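Dear colleague,

Please find below the structure that I am handing over to you. My findings follow directly after it.

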Amino acid sequence: MGTTGEGLGRCSHALIRGVPESLASGEGAGAGLPALDLAKAQREHGVLGGKLRQRLGLQLLELPPEESLPLGPLLGDTAVIQGDTALITRPWSPARRPEVDGVRKALQDLGLRIVEMEDENATLDGTDVLFTGREFFVGLSKWTNHRGAEIVADTFRDFAVSTVPVWSPSHLRGLCGMGGPRTVVAGSSEAAQKAVRAMAVLTDHPYASLTLPDDAAADCLFLRPGLPGVPPFLLHRGGTAEAL
């Protein structure tokens, strides 16, 4: 058996969606997105896909952009995946709920077990869910409620699931992330630090913590493709497209 936490970052495929022109038309403002340089975003999106395929050796699946789904490229909100199970979320914004349709089909084609959120009282954005390799933390935020967190717990019964209040307009993963199998990285804002302290109280596992100057810097992904000769990577935001 592997040691606890080895499941963090294990991946063989990557799913991305193209950047539609509507994302630059101001329709992303409701999600708190800054003004977008469309050409730059599309160029960086292409670079990301190339890095995932060529540098990490992942099998890349790309959904086409849809003008009716300006926030469609934010695929992290549409599903929570662990092992062979994919929980299809129910985003807080009704306008975003059609985003899950293409994601569901892609994950079905990969043979994953699909779990649907059928409770109309539940809301869940996937970026409110942080998996540490040992357990799940679900942020209770504007975007995700208690019923959504309960469905995460019902779906992934092999893992402890704890809820963390999010004291900001952000999602939980907009405040903190996993920099490695045993390392939580978090921004320096009061909301980010409150979330980290709450997680420390709730967990039975020891995690190292790293505080970064900006909350946005903590929005990262630890990737461990498991291919021969391919080391783990930390995918993070940066000043250039070479952040990978």
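Thr-127 is buried, its relative accessible area being 19%; throughout, buried means under 20% relative accessible area, exposed over 50%, and partly exposed in between, with a 1.4 Å probe and protein chains only. Thr-127 lies in the loop between E5 and E6, where helices (H or I, at least four residues) and strands (E, at least two) are DSSP runs numbered from the N terminus. Residues up to four places away in sequence aside, Thr-127 touches Gly-76, Asp-77, His-171, Leu-172 and Arg-173, contact being defined as heavy atoms within 4.5 Å.

This is a predicted model, in which local features need pLDDT of at least 70 and side-chain atom pairs count only at pLDDT 80 or more, while totals for chains, interfaces and linings use all residues. Residues are numbered from 1 along each chain as its sequence is written, and side-chain values use heavy atoms, with hydrogens and water left out.

Gly-126 is placed in the loop between strand E5 (113-116) and strand E6 (129-131). Gly-126 counts as buried because its relative accessibility is 1%. Beyond its neighbours within four places in sequence, Gly-126 contacts Gly-76, Asp-77, Val-80, Thr-89 and Arg-173. A separation of 5.8 Å is found between the C-alpha atoms of Gly-126 and Thr-78, which are 48 residues apart along the chain.

I turn next to the strands. Strand E3 (residues 79-82) pairs with E4 in the antiparallel sense over four bridges; two strands pair if DSSP finds at least two bridges between them. Thr-85 in E4 is the bridge partner of Gln-82. The hairpin of E3 and E4 has two residues between the strands, and Gly-83 takes a positive phi near 65° there. E4 also pairs with E5, in the parallel sense and over four bridges, and Ile-88 has Glu-116 in E5 as its bridge partner. Together with helix H2 (residues 99-109), E4 and E5 make a right-handed β-α-β unit; a crossover is right-handed if, with the strands pointing away from the viewer, the path from the first strand over the helix to the second runs clockwise. Strand E4 (residues 85-88) is covered on both faces, with Thr-85 and Leu-87 buried on one side and Ala-86 and Ile-88 buried on the other.

The largest nonpolar core has 33 residues, of which Leu-87, Leu-124 and Leu-172 touch the most other members. Such a core is a set of buried Ala, Val, Leu, Ile, Met, Phe, Trp, Tyr and Cys residues joined through side-chain atoms within 4.5 Å. H4 gives the most to this core, with six residues. Among the contacts of Leu-87, not counting residues up to four places away in sequence, are Val-115, Met-117, Leu-124, Ile-151 and Phe-156. Apart from this core lies another, of ten residues, including Ala-14, Leu-56, Phe-233 and Leu-235.

Finally, helix H4 (residues 190-202) has Ala-191, Ala-192, Ala-195, Val-196, Ala-198 and Met-199 buried. They cover an arc of only 160° around the axis, so they lie on the same side of H4; the arc is that of the directions from the helix axis to the C-beta atoms. The exposed residues Glu-190, Arg-197, Ala-200 and Val-201 are carried on the face turned away from that buried side. The buried residues of H4 pack against E6, strand E7 (135-140), strand E8 (160-165), strand E9 (176-180) and strand E10 (183-186).

Yours sincerely
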